[in-house]
Amino acid sequence: MAALVAGRLTGSVSRLLGHGGSSVPGAVARRVDPALLRKLGGGLESGSLLITGTNGKTTSSLLVEQILTAAGLRVLRNRSGANLIVGLTATLMQAARLDLSIKADWAVLETDEASIPRAVEEVRPRLLAVTNFFRDQLDRYGELTSAVKLVARGAAALSPAAMLVLNADDPHAASLGREARGPVVYFGLGSPDLALDAGAETLDARFCPICGEELSYSLRFYAHLGHYICPGCGFARPRPTVEAVDVVREGPSVRRVRLLVDGAPTEVTLSLPGTYNIYNAVLAAAVAHGLGVGTEAVVEGLRTSRGAFGRMETVSFRGRELRLALVKNPTGFNQVLRAVAEDPRPKMVMIAINDRYADGRDVSWLWDVDLESMASVMGAVQWVAAGTRAADMAVRLKYAGIHPTLIRTVGTHAEDALQALMEESTPPLCYVLPTYTAMMELRGALERQGLVSSFVEG
Amino acid sequence: MDGRRLVFAHLYPGHMNLYGDRGNVLALRRRAEWRGYDVDVLDVNPTDPLPLASIDLLFVGGGEDRHQELVVEDFVSRRQELVAAFQDGLPTLAVCGAYQLLGHRYQVADGRWLPGIAWFDLETRSGTDRAVGNVVIESRLDLSPKTLVGFENHGGRTFLAPGQEPLGRVIAGHGNNGQDHMEGAVREQVVGTYLHGSLLPKNPQLADWLLSRAIGFKTGNGELSPLEAEFELRAHAAMVERFTGGGRS
């Protein structure tokens, strides 16, 4: 109890001082009681779900929350920036009563890959879902296989009754199911319409996670996600329990997706763009299926889907429509470019690249983004390079084949980026693709200008 | 042979593509295309033929340790033909892992030694930690600007034998080993370096150094028409300023 009080007090002080930092109270409380997260994890009515993987954690967590809420369950979810151990602690702590019980059925916790072993040990989740594994900020995480190993360690430490929900289309994620002691629910895409015809993408994982042989694909959706088999050892895409088999566009941003859940068809509508968001939706449906939640709730939860914090989130100001979509690694960036290209309206595309620690200090990944194929089909009438690495981004755009006169470089501060968005000549539709800290800074600048009210995610 | 057509070979694009290596190939391609050349890039994977006689420039990048180990055998099996082509003057850029493979041998994280092709007189020992961060060096090549900027991320520490020419002197960052202030290696027209970032887009003078030698290698006259490079040099200068004092770090 002392830990809870200390942490909450810190939270209030931190907020009074104007720090948004939702993790600080978690850190303080853990100092007072290192076992706090274990105790809190046991305080939920039903239990916790952890969602991890390189891309899609935040959006799929939000979709799971919406589905469970539609099923009449009380759900707690952490904010995207609070996905380390201290963040998970803070999230549960803020909802806890003094006896450490929590007035919620489920906690849906997106969790950083590196925190998974500890989170599994302390939270004792009932379910662990894995979105995908891509190269991500190599200077911080090291190589792709080290992230896979960390999550595998967590998966091995799950209680025997806990369930794994895995992306069948990702060879590394799917390979985690081979050692599972408990139930495994696989999800994937089965619609050939979504397959890529050609891709100049750098493949992060084209080799078999079991034997190292080059995988052979009959269908590839993007990056290394698809229908694969290893000619060396026979490792192949497991058959998904929940699969998206057909996708029909119903409007500029609405799609109807036909799901097969254990063979039974269900139609859902989704207003989030891009193939990557179909994966997020199918993951959420698979989690729901694993927990025994009915299809009505899945349909309802997905129907009301919207962009999570900075993930294709729409903000209006001064008659302009601003769409914010976080970019943090080549695969995610490629997917966001495709989603922007799906919107037929002319637009400004601003790319704000910071190289602070949380963004990854190494910006070489920008060169692995397939801008060459995408630049001419994006409907962009203006390109703006912003952030601490604005100059690098401008070079990147030039070498993508965009004429330098269409590329504007603004100063390295968020205010400079905001200024460019507010100018009269700026088109009414702006897509802003920032790295993590660039997004936080831009939001801060928008708030300070009074252009949007304080952002509260949820 | 058409003098306006260039063939670049990209060796092991599937295995060795970790740090934006695409960017180096793209920079070479664009800077040749903007000068009116047609460029073919030939992707060469393990066991694929490498028709060195018809190649004007060779690029090899860095890879995950596991992937680097997977190509060692193939690379060493091509030793004779590669060394012969290097001696003939084939312009080559080898970044990070590929740079290590051009030495006598390199040590992987678990302590084992793997062979290189001994083009450079150097060896790479496993370090206790990774050397990660931004780098600025002063190059020994005849370049303007003299500085090269990039990012390094390597576990190995590379030591040059006396007499082995480095690419340059470290102004900021670790370089080859963090001790002797040397970075990279050069012999004939082969450049090895730990710098990525990607390297060539922000260092257009080095891209042109390689390109001019590729064209010279092919036609005997490596003269290049000048290109405007406002964006490239601004990105270059921003990094020099930021990491050599004056700017924030």
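How much area is buried between chain B and chain A, and what share of it do carbon and sulfur atoms give? About 3,300 Å² is buried, and carbon and sulfur atoms give 50% of it. Buried area here is the accessible area (1.4 Å probe) that two parts lose on being put together, summed over both.

Before going on, note that this is a predicted model, in which local features need pLDDT of at least 70, side-chain atom pairs count only at pLDDT 80 or more, and totals for chains, interfaces and linings use all residues. Residues are numbered from 1 along each chain as its sequence is written, chains are lettered from A and ligands numbered from 1 in the order in which they are written, and side-chain values use heavy atoms, with hydrogens and water left out.

**Stop 1: the interface**

Select both sides of the contact (heavy atoms within 4.5 Å): 37 residues come from chain A and 38 residues from chain B. Then pick out Arg22(B), Glu64(B) and Phe231(B), which supply 22% of the area that chain B buries against chain A, more than any other three residues.

Next, show Glu228(B) and Lys398(A), whose side chains form a salt bridge at 2.9 Å, N to O. The rule (a side-chain nitrogen of Lys or Arg within 4 Å of a carboxyl oxygen of Asp or Glu) finds 7 salt bridges across this interface.

Helix 1 of chain B gives the most, with 7 residues.

**Stop 2: two helices in chain A**

Select residues 414-422 (helix 15) and 436-448 (helix 16) of chain A; their axes come within 9 Å and cross at roughly 65°. Axes are lines fitted to C-alpha atoms, for helices over the stretch in contact, and angles run from 0 to 180 degrees between N-to-C directions. Show side chains at the meeting point: among them are Ala414(A) and Leu418(A) from helix 15, and Leu442(A) and Leu446(A) from helix 16.

**Stop 3: a loop in chain B**

Centre on His181(B), in the loop between strand 9 (168-172) and strand 10 (182-183) of chain B. Which residues does His181(B) contact, leaving aside its neighbours within four places in sequence? They are Gly168(B), Arg169(B) and Val170(B).

Methods:
Helix = DSSP H or I, 4+ residues; strand = E, 2+ residues; numbered from the N terminus.
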